[in-house]
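Let's take a walk through this model together, one region at a time.

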Amino acid sequence: MVLQDNATILYKKLHAVIYSRAKHLQTTLRENCALERLPYLTLLLQIWSEYLQRLSTIRSVFLYLDQTFALHTPKIYQIHKLALIVFEAETLVPETKHKIYDCILSLIQSERDSLIRHLTSYDEITTNSLNQSLFPLPGISLEFTEIIISVVKIFTALGLYEDFEARYFSASKTYFSSESARFAVLPPDDFFSSIAIRIATERLRVSNETLVQLSTGYPSLAQNKGYFSVHTTQSTVDLIYSEYIFSTLERVEMVLGVVGEYVKLKKYEKVKILYNIFLVNRRGDEVVRCIAATVKDLGIAVIKTEKIEDLVKFKTEVDEMVKVLGPEVEVEAGMGVGVDRISDTDASAAHTLLIKIVKEAFVGFVNMKVGKASIEERLSKYLDGVLKVKDEEDHVESVLTKCLAIFRFVKGKDLFEAYYKKDLSKRLLLSKSSSYDSEKSMIQKLAVECGSGFTQKLEGMFKDMEISKETMNDFKAALTTKPPFEIYVNVLTTAYWPTFPQFTVTLPHEMTRMVESFKTFYHSKHKGRRLTWQHNLGYCSLKAWFPKGAKELSLSFIQALILLQFNTSPEYTVSDLSTITDIPIPEIIRTVVSMAYGKHKLLIVENKNTGASGSGGSSSGSGSGSGGAGSGSVGGLKVASVSGESTVKINELFKSPNVKLKISAIQGKLPSLDAKPSSSTTSGNVSVSGGVGSNQQDDEEDEVDEADEDIERARIQKSVVIERSNLLDCFLVRVMKMRRRVGVVELFREVRDGMRFGVSGREIKERVERFIGGNYIEREENDINVLKYVA
């Protein structure tokens with residue numbers, strides 16, 4: 001018929017046959033609309049299967065018609081497409097379509113209910129990969145899943161998938177809205193797990209996913225297929241985000257609260273998942289500020305402990321979290337979020353904002369005023385302890401690097417320098433530093449961070465120690481006779497070191513000879529320089545003989561001077577000791593108390609108000625030394641119980657199982673930092689040892705008077721305030737000279753950026769007004785907000 005030009009007649013008759021069959025199938029489906037969902041869908045599949053079989057036979061018979069006439073004739077469909085169009089139009093009428101849609105959506109809802117009911121742990125999903133299916137579950141047979149897959153394929157073949165997808169999204173929105181209300185009352189961890197399970201199971205509906213058995217022991221179907229497109233599944237996940245997380249402001253705040261809880265619990269991978277969800281939904285700023293606020297709250301709690309080691313540990317944890325949240329770090333995909341869905345621009349911008357806000361949070365709580373000691377003092381003391389303890393070099397270097405990270409947040413870097421210089425001076429003079437390499441490494445780190453000017457004085461202190469070592473080698477080589485005891489002198493440049501309280505003392509004859517000998521030698525090498533002797537900073541070793549045995553005492557120079565007096569008399573009053581040694585009475589009292597009421601009670605103090613305390617024996621030896629103060633606790637020492645009229649004598653009952661003893665001193669006024677640099681003056685610090693010298697020192701620290709520590713703290717802070725004022729004046733003058741004319745706002749900003757310490761607008765304003773009053777600066781006549789420099 002095709003060859004005889006009857007193809008059109010044949011095609012129309014074939015169309016009529018297909019149409020008739022489709023109408024018959026329509027009747028069958030409409031007559032069975034009362035069936036339950038599974039029987040009805042089974043009937044649909046049977047009809048569809050039979051229809052396709054007949055279509056295949058017809059197409060084979062009429063292949064020549066299909067390939068020659070239908071293929072090349074405009075507005076004529078090929079047989080297969082014609083049959084599908086007729087089936088969709090005549091068999092699946094609106095009533096039938098709605099019935100089929102309702103059945104499928106009902107089955108999907110049953111799947112959802114079963115999954116969320118039987119999977120109560122997110123780990124059940126992540127253990128076997130989020131991309132593995134969980135079907136079937138109890139109450140859901142293999143036939144159940146196969147029917148859904150087959151029906152969805154029918155929708156795809158007939159071009160009904162988008163129509164069904166719209167109905168599916170509408171039904172899903174209603175279901176998720178109801179379920180989200182139930183999830184909202186769950187604890188944070190359960191809330192997270194429930195959403196994660198819901199999202200994970202929705203992702204399993206993507207076609208071409210393999211179903212495997214989970215640890216639940218439910219039966220599984222290997223190599224079964226999903227039934228939705230990737231677009232449908234991802235849109236479903238986005239719908240879950242919208243309904244469960246972003247539906248209301250209260251819900252968003254609740255989820256952000258969950259983020260905060262996970263930050264506190266250090267569950268950074270879960271934080272990353274929720275963080276990515278906010279990024280996908282273009283709400284990165286909200287989650288970033290939530291994380292930063294949590295970090296600030298945690299930081300405030302840490303800073304209130306006043307422990308730098310806790311702060312260092314917290315900073316390390318925050319760095320780890322920020323690294324995990326970075327765009328370059330991928331965690332296991334979770335809750336439907338893949339890094340491919342987050343643009344590089346959004347990820348980079350959010351991470352940059354996170355770093356910036358976290359830094360601001362650290363600057364805020366690190367510089368909080370907590371307790372008496374400031375962050376600058378606590379950090380310096382912590383570093384002092386680290387650099388005193390012998391440890392592996394790599395570990396010490398790691399700790400120093402972490403401390404430097406804290407130092408970056410400190411506003412008062414000049415105040416830190418003052419405390420650090422004080423502590424460094426004690427470590428160098430008392431040989432308490434565990435490693436010069438570590439000391440220099442820390443100074444190099446500070447120089448890199450703040451510039452060489454910041455560490456100039458610290459480097460000068462090390463230079464003084466090296467020069468002192470060379471000087472002492474030359475001095476010993478110049479001696480013509482062997483001295484009765486060893487002497488070691490540290491010559492310190494006044495400009496580099498803290499200033500120390502001074503008082504003159506009367507030395508024993510042999511000590512005086514050694515001191516004069518060194519002065520003669522030094523002046524022969526360095527004419528025009530003046531040595532100021534700091535005997536109160538010395539330490540030395542004495543050999544003492546007690547009735548219970550001989551002891552080697554390592555003690556301060558002032559302690560040694562007082563003990564040596566008992567070689568000539570068994571007892572003295574405090575006033576007598578002061579007269580003999582020229583040491584002020586308060587210092588005599590402080591020193592006597594350290595030896596009468598301290599750990600080793602070498603002396604007995606008697607007066608009208610108190611009894612006696614100490615140990616017995618006699619001491620002999622000579623020496624003077626350079627030492628200083630340490631740190632510790634005064635404990636039960638009672639300075640107020642000793643007066644100038646109190647009698648002091650050796651405690652003849654003193655005994656100790658140890659031969660070598662470290663006699664702690666009560667730390668009095670510590671070195672202050674108000675030294676005025678002088679290029680022509682050199683300060684000398686003398687160290688003399690009757691035994692081994694500084695090697696006699698052990699790890700026991702001197703005891704600290706808390707009141708004196710407060711006084712010294714106030715002195716340091718006052719000196720720093722004065723120095724800051726001078727630096728601010730210099731900077732203002734330099735800026736005005738360079739700019740000649742500048743706006744007030746711009747000047748304030750430039751000053752704040754140029755100072756290495758925090759400076760308030762009020763302080764800048766006061767200094768500017770002072771310069772205006774001194775006619776160094778004046779305001780523009782036409783614009784009071786513009787300043788100009790007066791030459």
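In this predicted model, three strands make up an open sheet, arranged in the order β4-β7-β5 with antiparallel pairing. The edges are taken by β4 (571-573) and β5 (603-606), each of which pairs on one side only. If you look along the sheet, you will find that neighbouring strands are turned against each other by 25° on average, direction ignored.

Let's look at one of these pairings in detail. β5 and β7 run antiparallel and are joined by 4 bridges.

Helix α23 (residues 574-581) lies across β4 and β7, and its direction is at about 90° to β4. Helix α24 (residues 585-596), in turn, lies across β5 and β7, running at about 120° to β5.

Next, let's move to a pair of helices elsewhere in the chain. Two packed helices are described by the angle between their axes and the distance between the axes. For helix α14 (residues 308-324) and helix α15 (residues 344-366), the axes come within 11 Å and cross at roughly 170°. Angles over 145 degrees count as roughly antiparallel, and α14 and α15 are therefore roughly antiparallel to each other.

Which residues of α14 and α15 meet? On the α14 side they are Leu311, Phe314, Lys315, Val318 and Val322, and they meet His351, Leu354, Ile355, Val358, Phe362, Phe365 and Val366 in α15. Sorted by class, this contact of α14 with α15 has 10 nonpolar, 1 polar and 1 charged residues.

Our last stop is Ser374, in the loop between α15 and α16 (375-388). Ser374 has a relative accessibility of 10%, so Ser374 counts as buried, the cut-off being under 20%. What is Ser374 in contact with, leaving aside its neighbours within four places in sequence? The contacts of Ser374 are then with Lys369, Leu415 and Tyr419.

Methods:
Residues are numbered from 1 along each chain as its sequence is written. This is a predicted model: local features need pLDDT of at least 70, side-chain atom pairs count only at pLDDT 80 or more; totals for chains, interfaces and linings use all residues. Side-chain values use heavy atoms; hydrogens and water are left out. Axes are lines fitted to C-alpha atoms, for helices over the stretch in contact, and angles run from 0 to 180 degrees between N-to-C directions. Helices (H or I, at least four residues) and strands (E, at least two) are DSSP runs, numbered from the N terminus. Angles under 35 degrees count as roughly parallel, over 145 as roughly antiparallel, 65 to 115 as roughly perpendicular and the rest as oblique. Contact means heavy atoms within 4.5 Å. Ala, Val, Leu, Ile, Met, Phe, Trp, Tyr, Cys and Pro count as nonpolar, Asp, Glu, Lys and Arg as charged, and the others, Gly among them, as polar. Two strands pair if DSSP finds at least two bridges between them. Buried means under 20% relative accessible area, exposed over 50%, partly exposed in between (1.4 Å probe, protein chains only).
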